[in-house]
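This briefing goes through a structure by topic. Please keep the sequence and the coordinates at hand while reading.

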Amino acid sequence: MGRIFTLDLEGNVYSCKYCHTHLALFEDILSKRFLCKHGEAYLFDKVVNVMVGEKEERNMLTGMHTVVDIFCVGCGSIVGWKYEAAHEESQQYKVGKFILERWQLLP
Amino acid sequence: MARLLQSEEDEVIGSKGVIKKVEFVQIIAKALYSLGYKKSGAHLEEESGIPLHSSAVNMFMHQILDGNWGESVATLHSIGLKDESTVKSASFLILEQKFFELLDGGKVMDALKTLRTEIAHLCASSNQLRELSSNLVSFSHDLRAKSRPKLLQELQELLPPTIMVPERRLEQLVEQALTLQRDACVFHNSLDREISLYTDHQCGRDQIPSRTLQILEAHSDEVWFLNFSHNGKYLASSSNDQSAIIWEVGTNGEVSLKHKLSGHHKPVSSVSWSSDDGKLLTCGVEESVRCWDVSSGECLHVYEKSGPGLVSCGWSPDGKSIFSGVNDRSICMWDLDGKEVENWKGQRTLRISDLEITRDGKQIMSIFKETAILLFDREAKSERVIEEDQTITSFSLSRDNRYLLVNLVGPEIHLWNIDGDINLVAKYKGHKRTRFVIKSCFGGSEQAFVASGSEDSQVYIWHRGSEELIGKLSGHSGSVNCVSWNPVNPHMLASASDDGTIRIWGLNSHLQQHKKLQQVHSNGGSMAAAYNGRT
C-alpha cells in the first residue's frame with residue numbers, strides 16, 4: 001500500500017504492538033490516569049505516525065467531548081484518540097492532546 | 001513642413017486617452033529609422049509635422065557624427081538639459097572621444113592639450129584623469145576611440161528620453177505587452193514561442209495533459225517512484241516489486257519497455273539519472289544503491305556499507321561521484337569504483353528523505369529533521385536550513401535549482417525560493433495524503449505548473465503562480481505516489497500508482513490521434529493479477 005511515511009523517535013519510545021511503528025515518547029506523557037474500555041490509557045502531548053478518523057461526539061466519564069480516533073499508519077490498528085474539543089471548562093486542558101491505549105503499546 | 005498647432009501638442013489617441021499623439025508618432029518614426037527605412041521615417045516626420053528630434057538635437061547628432069567636438073559641447077548646453085551632472089557626463093564622453101581620436105591620429109600634443117584644458121575639470125576622480133593620461137605614454141596597435149555611431153548611442157542612453165527618444169522603444173513596449181499576455185495565460189503550456197501580434201495570446205485548458213494515452217503494466221507491485229531523464233527520451237520507474245524499469249519514449253510519444261533492472265532485494269524507493277542520461281542509480285530501501293548502464297541495462301556497480309543501509313541516491317553533475325544518504329543519518333560520497341571518498345556525519349538525513357544535488361555540484365539537500373531541510377554547501381562548508389511548520393515527507397528541486405517543492409503531512413505542498421534569501425513563495429492544497437510518501441514535481445513549459453500524486457488515486461495539477469488547482473486526472477485505481485513531467489515535452493506527464501501501473505497523460509487532442517490505448521506488457525510477466533487484493 002504505497003511507501004508508508006513514518007518518523008523515527010529517539011529516546012524511550014512507545015511503539016505500536018503489532019507493527020512496531022513509533023508512536024510517542026515516554027517523556028511526552030502528560031498523565032497516566034486515563035481509562036479506556038481495555039484498561040489504562042495515557043494522555044500524550046505529542047504522538048506521531050497516526051492518521052485520524054471522523055469527528056465524533058463522545059460521552060466519557062469526564063463529560064461530553066469531540067474526539068477523533070487515531071490509527072497507526074503502519075498497520076491501521078486503532079491506537080487511541082485525540083481530543084478536538086471539550087464541552088466543559090475543566091476539561092479544556094485535553095484539547096489538542098492524544099490518548100494512547102496502554103494495551104496497544106510496546107513495551 | 002507642416003507645423004503642429006499648440007493644441008495638437010497635447011492631443012491624445014487611443015480608447016483610454018492615455019497615449020500622447022506626439023510621443024506615439026515619434027516612437028514609430030524612431031522604429032522606422034531603426035529598421036532602416038530612412039525615407040519612410042523622414043516622410044512621417046514631414047507628413048505629421050512632428051519632428052523626431054528638436055532642431056538642436058538634430059544639430060547635435062550631426063556634430064557628433066562629423067566630429068565637431070567643440071560645437072557639439074556648445075549645442076549640448078543649449079539643448080535644455082535640467083540636470084547639470086548629465087551635461088557634465090555627456091561633455092566628458094564627447095571630449096574623451098576627441099582625446100582618443102587625436103591619439104589614434106598620432107596627434108599626441110593636441111591630445112595632451114585637450115586633456116589639460118578641456119577634460120581635466122570634468123573628471124569624476126583623479127583616478128579617471130590618471131587613467132586617461134596613461135594613454136599618452138602607452139603604445140597601442142588598436143584604435144582606442146570607439147566608433148562615432150557608438151558614441152552617439154552612448155550619449156542617447158545618457159540623455160533623458162524627452163530629449164532623445166530611446167532606441168527600440170516601440171519594440172520594448174510591444175514585448176512588454178506580449179509578456180503580460182503570456183503571464184496572464186493561466187494554462188500557458190505552448191512549446192512554440194509563436195505568440196502573434198494579431199490577437200491576444202491565450203492558451204486554453206486543452207494545453208494541459210488531461211487524458212490517459214498509455215497504461216504501462218510491467219511492474220508486478222505498487223510503483224513508488226518515477227522520473228523522466230534530462231533529455232526526455234527515457235522514463236525510469238521503481239517499485240515495491242524490488243525492480244526498476246527503464247522505458248523509452250519513442251519519437252511519436254509512445255512509451256515502451258527498454259530494460260527491467262532486477263537485483264535489489266528490497267523495494268526500490270527512488271532512481272537518479274546521471275547528467276548525460278547514460279547511467280541510472282537505483283536505491284533499495286535501507287539496502288544498497290545500484291548503478292546501471294542505460295543502453296545495455298547492465299548493473300555496473302553495487303554501492304553498500306557493511307552495517308547501515310542506504311536510503312537515497314544522487315549523481316554528482318560531473319558523473320564521477322555518487323552520493324547517498326545512510327540510515328545512520330550520515331551522507332556519503334563514492335567514486336565510480338565504489339571507494340568511499342567522503343562522509344558527512346552527524347544528523348544530515350532522516351531514514352525517509354530525498355537527496356538532491358545542485359547542478360554546480362556544490363549544494364546537497366536532504367530532510368534532516370522532522371520539520372526541516374538541510375542545504376549544505378560542501379565546498380564552502382556552509383549550511384542553510386528550510387524550517388517548516390509541519391512534518392516534511394518529501395521534496396524536489398527545480399531544474400533551474402532556484403526552487404524547492406516541499407511536501408508536508410497536511411497534506412500541503414510549499415514552494416520555497418532558495419536562490420539568495422530563502423523564502424516561502426506559494427502553497428498548494430487540495431490533494432489527499434494520510435499514510436504514504438507522495439511526491440510532487442514542477443512541469444510544463446517554463447515550469448509553470450506543479451503536479452502531485454494523491455492518495456485518492458488522482459493526479460493533481462496547479463498553476464504555479466496563482467496556486468489555483470487546474471486539473472484532477474482520474475484513472476488510476478490506487479494511490480498515485482509520484483508524478484514526473486517530461487522536461488522536453490510539456491504535454492507529457494507520467495504517474496506512478498499503487499495499482500501497479502504507470503499512466504502516460506497527454507493532451508485531449510493527442511488522444512484523438514491515437515487509434516487505441518496502448519498497453520505494454522513485461523516479457524512473459526503477469527500483469528492483471530498484480531493488483532487484485534491490493535489496497
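The model is predicted. Chain B and chain A bury about 1,700 Å² between them, and 3 salt bridges are counted between the two chains. Over all chains the disulfide count is 0.

**Interface between chains A and B**

- The contact set consists of 18 residues of chain B and 15 residues of chain A.
- Of the area buried between chain B and chain A, 53% is on carbon and sulfur atoms.
- On the chain B side, B:Arg351, B:Ile352 and B:Arg435 supply 37% of the area buried against chain A, more than any other three residues.
- B:Arg329 pairs with A:Glu10 in a salt bridge, in which the closest N and O atoms are 2.9 Å apart.

**Annotated spans of chain B**

- An unreviewed UniProt entry gives "domain: CTLH" for residues 53-110 of chain B.
- In the model, residues 53-110 of chain B are 79% helix and 0% strand, and the end C-alpha atoms of the span lie 33 Å apart.

**Helix H5 of chain B**

- Helix H5 of chain B runs over residues 84-104.
- At 1.5 Å a residue its 21 residues should span 30 Å, and this agrees with the model because the end C-alpha atoms are 30 Å apart.
- H5(B) is mostly covered, with 15 of its 21 residues buried.

**Cysteines**

- A disulfide requires two cysteine sulfur atoms within 2.5 Å.
- The closest cysteine sulfur to that of A:Cys75 belongs to A:Cys16 and is 3.6 Å away, so the two are too far apart for a bond.
- A:Cys75 is partly exposed, at a relative accessible area of 33%.
- B:Cys283 is also in no disulfide, the nearest cysteine sulfur being that of B:Cys313 at 5.1 Å.
- B:Cys283 is buried, and its relative accessible area is 0%.

**Cis peptide bonds and positive phi**

- Most peptide bonds are trans, and most residues other than glycine have a negative phi.
- The peptide bond between A:Leu106 and A:Pro107 is cis, with omega about 5°.
- A:Pro107 lies in the segment after strand E9 (105-106) of chain A.
- B:Gly410 and B:Pro411 are also joined by a cis peptide bond, with omega about 15°.
- B:Pro411 sits in the loop between strand E21 (403-408) and strand E22 (412-417) of chain B.
- B:Asp277, a residue other than glycine, has a positive phi near 60°.
- The loop that holds B:Asp277 is between strand E8 (268-273) and strand E9 (279-284) of chain B, and B:Asp277 is buried at a relative accessible area of 5%.
- B:Glu446 has a positive phi near 60° and belongs to the loop between strand E24 (440-443) and strand E25 (449-452) of chain B.
- B:Glu446 is partly exposed, with a relative accessible area of 44%.

Notes: Residues numbered from 1 in each chain as written. Chains lettered and ligands numbered in written order. Predicted model: local features only at pLDDT ≥ 70, side-chain atom pairs only at ≥ 80, totals over all residues. Heavy atoms only, no water. Buried < 20%, exposed > 50% of the residue type's maximum accessible area, 1.4 Å probe, protein only. Helix = DSSP H or I, 4+ residues; strand = E, 2+ residues; numbered from the N terminus. Expected span 1.5 Å × (residues − 1). Contact = heavy atoms within 4.5 Å. Buried area = accessible area lost by both parts, 1.4 Å probe. Salt bridge = Lys/Arg side-chain N within 4 Å of Asp/Glu carboxyl O. UniProt positions renumbered as here; feature names shortened; annotations may be inferred.
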